[in-house]
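Hello,

Here is the structure I said I would pass on. My notes on the ligand site and the domains follow below it.

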Amino acid sequence: MTGPSHRLHRHLISIEDLDRDAIERILDRAESFDEVQGREIKKVPALRGRTVVNLFYEASTRTSSSFELAAKRLSADVVSIRSTGSSVEKGESLKDTVQTLSAYDPAAIVIRSPHVGAAQLVAGWTPAAVINAGDGKHEHPTQALLDLYTIRSKKGAIAGLHVVIIGDVLFSRVARSNIFGLLKLGARVTLVGPSTLVPRVFEKLGVTVSHKLDEVLPTADVVNLLRIQHERQRKEYFPGIGEYIRLFGLTKERGKKLKPDCLIMHPGPINRGVEIDSDLADGAQSVILDQVTNGLAIRMAVLYLCGGIATP
Ligand code: CP
């Protein structure tokens, strides 16, 4: 988290900004909020009297709903704005929108934008804590945190695990945030996909790049499938659906190559029958819905640490 000092936990813009301790503090805090989900009254007063603004300039189901629910479970007042149906459609700029909403003195502004760097820009225009809910192909830090939390919950630890990220890495903010987080927590990471979407240059980050899924699958402790980001790529990056499935789809047949305790993850939304078959997405090794559930505890933790008055 960026800010005057990492210790203040002012903003959450990227996982690249965080050190291992900061990531683990968020995961530990999420664990304490997990307990709240089991209560009959699923609320704590941590942000009572404070306001959270959710500002979504791009489509979202999971991230927007869980940030809204997380803020409500922390007893905050919540304002949720989407670009469609708001004055953004009348041409209001991002800066004017942020400054207008900042007039309500929010504790935190959650922003999703198709533009790389949008969250960082917003942080310069508001006194509120800013949380990046996805900025173009740059980062999606809370997705990586909930993925790390899910792996840690299921496997006990992350260090030493072999995590295989499959698909459209080039255009994926989920992949970028996951790579930074997994490496900081000591996992070994392999990226697999067509060379157009998984170029060798990623090896500079400290990961392995492979274009042969069948060779990599048997050694994976976790596979994380990525959706083809049609909205962010041009046609020439993509080899064609049939070819993609043949080489990189996690089909029912390919699933037999996985270790029995290998976790199957996907940030959603899923293209069933493309990056993963329904048998596997809905099967015993899938933790896809656990990821959704864990997103709530992670976003409660992030809102609490960034927008709350407590110092972690
Ligand atoms: N994983 C994710 O960001 O999903 P949404 O686009 O539905 O928020």
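The shell around the ligand takes at least three residues from each of domain 1 (15–140 + 294–307) and domain 2 (141–292); these bounds come from an automatic or database domain assignment. This is a predicted model, in which local features need pLDDT of at least 70 and side-chain atom pairs count only at pLDDT 80 or more, while totals for chains, interfaces and linings use all residues. Residues are numbered from 1 along each chain as its sequence is written, and side-chain values use heavy atoms, with hydrogens and water left out.

The ligand is surrounded by Ala59, Ser60, Thr61, Arg62, Thr63, Arg112, His140, Gln143, Pro267 and Gly268 (a heavy atom within 4 Å of the ligand). By class, that shell has two nonpolar, six polar and two charged residues; Ala, Val, Leu, Ile, Met, Phe, Trp, Tyr, Cys and Pro count as nonpolar, Asp, Glu, Lys and Arg as charged, and the others, Gly among them, as polar.

Some polar contacts (N or O atoms within 3.5 Å):
- Ser60: a side-chain N or O atom is 2.7 Å from an oxygen atom of the ligand.
- His140: a polar side-chain atom lies 2.9 Å from an oxygen atom of the ligand.
- Gly268: a polar backbone atom is 3.3 Å from a nitrogen atom of the ligand.

The ligand alone exposes 250 Å², and the protein buries 91% of that (Shrake-Rupley method, 1.4 Å probe).

As for the domains, the centres of domain 1 and domain 2 are 25 Å apart, taken over C-alpha atoms. Their contact (heavy atoms within 4.5 Å) involves 32 residues from domain 1 and 29 residues from domain 2.

Regards

Note on methods: A polar contact is a pair of N or O atoms within 3.5 Å; within protein, one must be able to donate a hydrogen and the other to accept it, and residues adjacent in sequence count only if both atoms are side-chain atoms.
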